[in-house]
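This report covers selected helix packing and strand pairing in the structure shown below.

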Amino acid sequence: MNILLLGSGGRESAFAWKLSQSPKCERLFIAPGNAGTGIYGQNVNISVNDFEAIKNLVYKNSIDLVLVGPEEPLVNGIHDFFLADESLKNIPVIGPQKQAAQLEGSKDFSKDFMFKNSIPAAASKTFTLETLEQGRAYLATHGLPIVLKADGLAAGKGVLICTSWEEAQQEFTSMLRDAKFGAASAKVVVEQFLQGIELSVFVLTDGKNYKILPEAKDYKRIGEGDTGLNTGGMGSVSPVPFADAVFMAKVEERIVVPTIKGLQKDNIPYKGFIFIGLMNCGGEPYVIEYNCRMGDPETESVLPRIENDLVEILQAVAEERLNEINLKISDQVAATVVCVASGYPGDYVKDKTITGIENVRGSFVFHAGTKLENEAIKTAGGRVLAITSLQNTLFEAVQQATLDAARTYWDGRVFRKDIGFDLL
């Protein structure tokens with residue numbers, strides 16, 4: 001098979017690594033890819049949102065299957081674009097159509113979906129510029145802290161946790177009246193704050209059947225001890241010790257099954273990954289959010305634990321026979337440490353030469369924000385490398401990934417040395 005993978009981050013590096021291991025994968029194209037994905041296939045400098053250029057690439061290279069990594073092309077309707085085109089409609093796209101991608105593309109849509117399907121989640125109300133004053137009055141009666149969420153995609157920055165009513169009023173007004181997050185905050189969801197510990201659960205569905213993939217826990221804060229600004233993710237571990245069989249049975253019964261049935265009931269086709277961001281509140285699972293793709297950096301910890309041929313799994317999704325797949329999950333533990341550029345998650349430095357990757361001994365190196373320049377690997381993003389180690393225990397995995405992260409170098413490199421410590 002000739003396969004096209006869309007995306008350019010650490011998640012896509014992990015996908016490219018896994019896809020390339022399959023004997024069924026004859027040629028792998030990654031658009032646009034990064035300095036690391038070129039090891040596993042051919043990078044093509046095309047934007048994930050340039051649908052016409054993607055069509056030409058698919059046609060020219062006889063692509064048999066498309067895997068969409070990031071959320072933006074899904075929310076923008078890449079799957080619908082294929083279905084509407086006579087020459088593309090029979091090529092399977094792994095990733096939901098535009099309506100289903102609204103589970104991530106619109107917080108208001110997803111909260112309504114959870115409510116309709118009795119899926120446990122934080123209580124919330126949605127407001128627009130027209131209902132600004134009602135929203136301000138509602139905030140004055142709301143318990144602290146107050147969670148404010150931009151309705152649309154805001155590159156992971158659209159969620160604010162306000163610890164005072166004054167801060168909540170100011171940020172709420174800024175989001176709606178001043179378009180703090182642009183069109184993404186034309187609607188704002190005001191949400192109850194859930195106290196607990198977070199984890200990510202991943203489901204793959206063909207629209208009829210589903211498989212629950214290994215769960216993971218990611219670490220969002222830039223600083224050790226979970227301090228400082230939120231980022232796209234500084235590391236992850238899988239499995240999650242507190243997500244035992246009893247807890248996961250509750251997740252499946254109360255969240256996964258109602259989600260799949262809810263999509264079917266509303267005649268919303270879904271072929272792809274559903275990322276369920278959960279809060280474990282005293283042993284009870286609550287949904288924080290849905291995403292319509294795999295997480296990053298969780299993918300880098302999840303995929304090494306899946307022992308199956310990934311191409312076979314994706315073929316089964318395309319052909320609606322996922323029930324035939326016997327998912328084989330490693331008992332080993334994966335830990336991922338993300339190395340980032342100086343200044344991230346704010347304005348960060350680019351174009352620094354990366355060295356030391358060849359010194360990594362007991363981990364996989366998944367490139368995120370990297371580029372090739374005259375055969376030198378340079379930094380090109382905020383999150384630069386994801387270092388993943390698969391070991392027999394969490395301690396060994398965390399220790400090895402952290403040691404190997406330290407073996408890489410560029411000017412201003414930053415990484416957390418405490419990923420997974422809270423679970424040890």
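Helices α5 and α6 are roughly perpendicular to each other, a label for angles of 65 to 115 degrees, with under 35 counted as roughly parallel, over 145 as roughly antiparallel and the rest as oblique. Their packing angle is about 95°, and the axes lie 6 Å apart. Axes are lines fitted to C-alpha atoms, for helices over the stretch in contact, and angles run from 0 to 180 degrees between N-to-C directions. Helices (H or I, at least four residues) and strands (E, at least two) are DSSP runs numbered from the N terminus.

The model is predicted: local features need pLDDT of at least 70 and side-chain atom pairs count only at pLDDT 80 or more, while totals for chains, interfaces and linings use all residues. Residues are numbered from 1 along each chain as its sequence is written, and side-chain values use heavy atoms, with hydrogens and water left out.

On the α5 side the contact (heavy atoms within 4.5 Å) is made by Gln99, Gln102, Leu103, Glu104 and Gly105, and on the α6 side by Lys107, Phe109, Ser110 and Phe113. By class, three of these residues are nonpolar, four polar and two charged. Ala, Val, Leu, Ile, Met, Phe, Trp, Tyr, Cys and Pro count as nonpolar, Asp, Glu, Lys and Arg as charged, and the others, Gly among them, as polar.

Within α6 (residues 107–116), the buried residues are Lys107, Ser110, Lys111, Phe113 and Met114; buried means under 20% relative accessible area, exposed over 50% and partly exposed in between, with a 1.4 Å probe and protein chains only. These residues lie on the same side of α6, because they cover an arc of only 160° around the axis, taken from the directions from the helix axis to the C-beta atoms. An α-helix has 3.6 residues a turn, so residues three or four places apart point the same way. The cover over the buried residues of α6 includes α5 (98–105), β6 (124–128), β7 (146–150), β9 (187–192), α9 (245–265) and β15 (284–291). Just after α6, serine 118 has a positive phi of about 55°.

| Strand pair | Bridges | Residues standing opposite |
|---|---|---|
| β6 and β9 | five bridges | lysine 125 and valine 190 |
| β10 and β14 | nine bridges | glutamate 198 and methionine 279 |
| β14 and β15 | seven bridges | glycine 277 and glutamate 289 |
| β18 and β19 | four bridges | threonine 370 and threonine 379 |

Strand β14 (residues 272–281) is mostly covered, with ten of its ten residues buried. The hairpin of β14 and β15 has two residues between the strands, and glycine 282 there takes a positive phi near 60°. In the hairpin of β18 and β19, also with two residues between the strands, asparagine 374 has a positive phi near 50°.

Conventions
Two strands pair if DSSP finds at least two bridges between them.
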